[in-house]
Amino acid sequence: MAKRFLSPTLWAGWKPFGIGETKPHHFLEIFKTIWQNKRHPLYAWRILNQGCCDGCALGTTGMRDWTMDGIHLCTIRLNLLQLNTMSAMPWQRLENDLPALSQLSSAQLRQLGRLPYPMVRRRGESGFRRVSWNDALDIIASRIRETQPERLAFYLTSRGLTNEVYYVAQKVARFLGTNNVDNAARVCHSPSSVALKQTVGVGASSVSYQDWIGTDLIVFLGSDVANNQPVSTKYLYYAKQAGTKIALVNPYREPGLMRYWVPSVPESAVMGTKLLDAFYQITVGGDIAFLNGTLKHLIEQDWVNHEFIEAHTTGWEEVAKTLAAQDWEMLERASGSTRDEMFRFAEMIHAARTGILVWSMGITQHAFGVQNVKAIVNIALSQGWLGKEHCGVVPIRGHSGVQGGAEVGAVPDLLPGGAAVNAENSARFKEIWGFDVPTTPGLRAVEMIDAAYDGNLDILYCSGGNFLEVLPDPQYVREALEKPALRVHQDIYVTSQMLIDPADTVVLLPAQTRYEQRGGGTETSTERRIIFSPTIPGPRVGEARSEWEIFQDLAARVSPEKKKQITFSNAQAIREEIGRVVPTYKGIAELRKAGDQIQYGGRVLYRDGQFKTPDGKGHFSALVPPERNLPPGKFLLATRRGKQFNSLIYAKKDAMTGTGRDSLLISPEDATSLSLSEGDRVLVKSDNGATMQCSVHIDQVQPRTVQAFWPECNVLIRRRTCDVQAGVPDYNAIIEIEPLRVPQAISVAATAAME
Ligand code: SF4
């Protein structure tokens, strides 16, 4: 850990508390949280103090972690806290007030409180009616018995779901004869898992957060950790103290990464901390070209680690040959950067003896997301930045459940432990589980919606999530959700997708939070740490149940004669089975109380120079940069996040940029060419035919690119465009911008009226 002392050279400025700056107001948030949790203050305190955070995937035990001394707490967690402590909603409104509920925003629906009882709504009924658990599960079970397994699909979000829930859910899906089971990682980091498995063998971060502190260089690519993993800024504060340089490769100069006020570090809370040392601006989707150009410089200058490449990698010659054939003109055009800038970045890499490359959805949410990640791995391999401390690759996750969800098997093409779905592996799991396991890969999350739209799905079972707000083209998603005969929504509160009219039947099942679940649960953090979160004593809501119990009860009702094969007596029994069938999770059964954890693979992966690929080598990838020929007058739109946790929006304004949710971030050059001023209203027209009105915010984005807030701008995103290998949607669009001029007569009348 770095020594703590005053470092005025690292201060963000000389204004105490950044007065007048656009920045988050952490202390205000704390007071707001106390107020929101006033009904159950002791319970809220116990969750904070003993639970593992259900926000992003940095991972905590209580308000501590394994990286630094001192408090680990952020506003994301504080905002989520209310969802864990709120009381039951007035459920009668689901029976007799559905039209009014349908008019509420998702935030207003959440504010109603927890879903307390199972509810059912049939086609033509004006509202839901309360039913018993027996009736609800019998309805679902009889439907499952009537349908073919390939017409049934399970989707699991990462709303605090534990590894235990993911494991039982995927086992139940397979017990029922389908591999149609997927989780929320599909729409964020699935390209990272695919690319890392193919190149280095493990679809996870190769180092620990503690390696950030004291490394020579941290590079963020398409990632805004200040917004999405806020406590990582505290790691960066300590890293800066230890002399680490920080660079950002991105289409936008993210304000939160330039400087940050870390609330629990007095020096930073008062004076702020300058984080960024270098910024490399590229176009949306220009990462491969920029990284290829950088690697080309590294090769030309002989700034690569030959010894490491020779001993531990394969594919180097082909990469070198491919890059030699790529001319600078094309690399500049495709990256939106310059040869000089790529050289500046190559110099920075060369100057660093150790380095860590961190990325997020700016890299993954493209039709070529897997290729993007491989371009990052190329840089790491060229420097030998794998297998040792302070060096590595980090796909930083925004959801506490997504790392573990996939690893314990809640994906359609892999069984627990990452074994591919095929005849051989399915036969192996048949031996373990005692029932037939389907041998062909199932539907991925986006494909479930496509299958529903095409009439190929009879039952869609969602644990949490809200497809309506997460996937591109909400109208298409709505139409798709209207088609399956049965939709099941298992959740802790009401969401807008639950209120879509049933084709035949919609069943709502009230779930418990991770803090309420019997026997506790575990999550896996970005740094591969499996962390135990205990059951927290406190009030319980209505008839809400542990999700793993719901899944296994349902399976037992579908096939009572095989009940034994799918029933766990308690959460500990689930952990014991996970420990047996997922090799990297060996030891999970020993986790029994708050603070218990194991980190599979240890602090650093590949220490022995052996990668987990079949040949033990790190695989370079020869990559051709995608080029988008943007017609004149068109722009590339990328999505961004504000004050939100995934699709849960917490404020109308983004604290980092000071902009509203309908803002369109545009460069000064483009604003001038379109004669636009700050705050002007524009009509954004997507090449998918949809339009959206936005408010102009002029900022440091790459010319010819713009940014809008997700999920509101999902309407502009083309459906059915995904990365082929990973199935993540391409959350980008080609758009036009049309100024909405207020007619002069109206404008004059409006002014007169105001006077
Ligand atoms: S940074 Fe992530 S893990 Fe840490 S408290 Fe915030 S949401 Fe939780």
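Predicted model: local features only at pLDDT ≥ 70, side-chain atom pairs only at ≥ 80, totals over all residues.
Residues are numbered from 1 along each chain as its sequence is written.

Let me start with helix 17, residues 328-335, where helices are DSSP runs of H or I with at least four residues, numbered from the N terminus. Its buried residues are L331, A334 and S335, buried meaning that 20 or more other C-beta atoms lie within 10 Å of a residue's own, with C-beta atoms placed from the backbone. Seen down the axis of helix 17, these residues fall within an arc of 90 degrees, so they line one face of the helix; the arc is that of the directions from the helix axis to the C-beta atoms. Part of what covers them is helix 14 (287-300), and just after helix 17, G336 takes a positive phi of about 75 degrees.

Turning to V370, which belongs to helix 20 (residues 369-383), this residue counts as buried because it has 24 C-beta neighbours inside 10 Å. Beyond its neighbours within four places in sequence, V370 is in contact (C-beta atoms within 7 Å, placed from the backbone) with P191, V194, A195, D723, Q725 and A726.

Finally, the ligand has 14 residues around it, of which C53, G55, C56, C74 and V231 come nearest, a residue being near if its C-beta atom, placed from the backbone, lies within 6 Å.

Key: Helix = DSSP H or I, 4+ residues; strand = E, 2+ residues; numbered from the N terminus. Buried ≥ 20, exposed ≤ 12 C-beta atoms within 10 Å, placed from the backbone. Contact = placed C-beta atoms within 7 Å.
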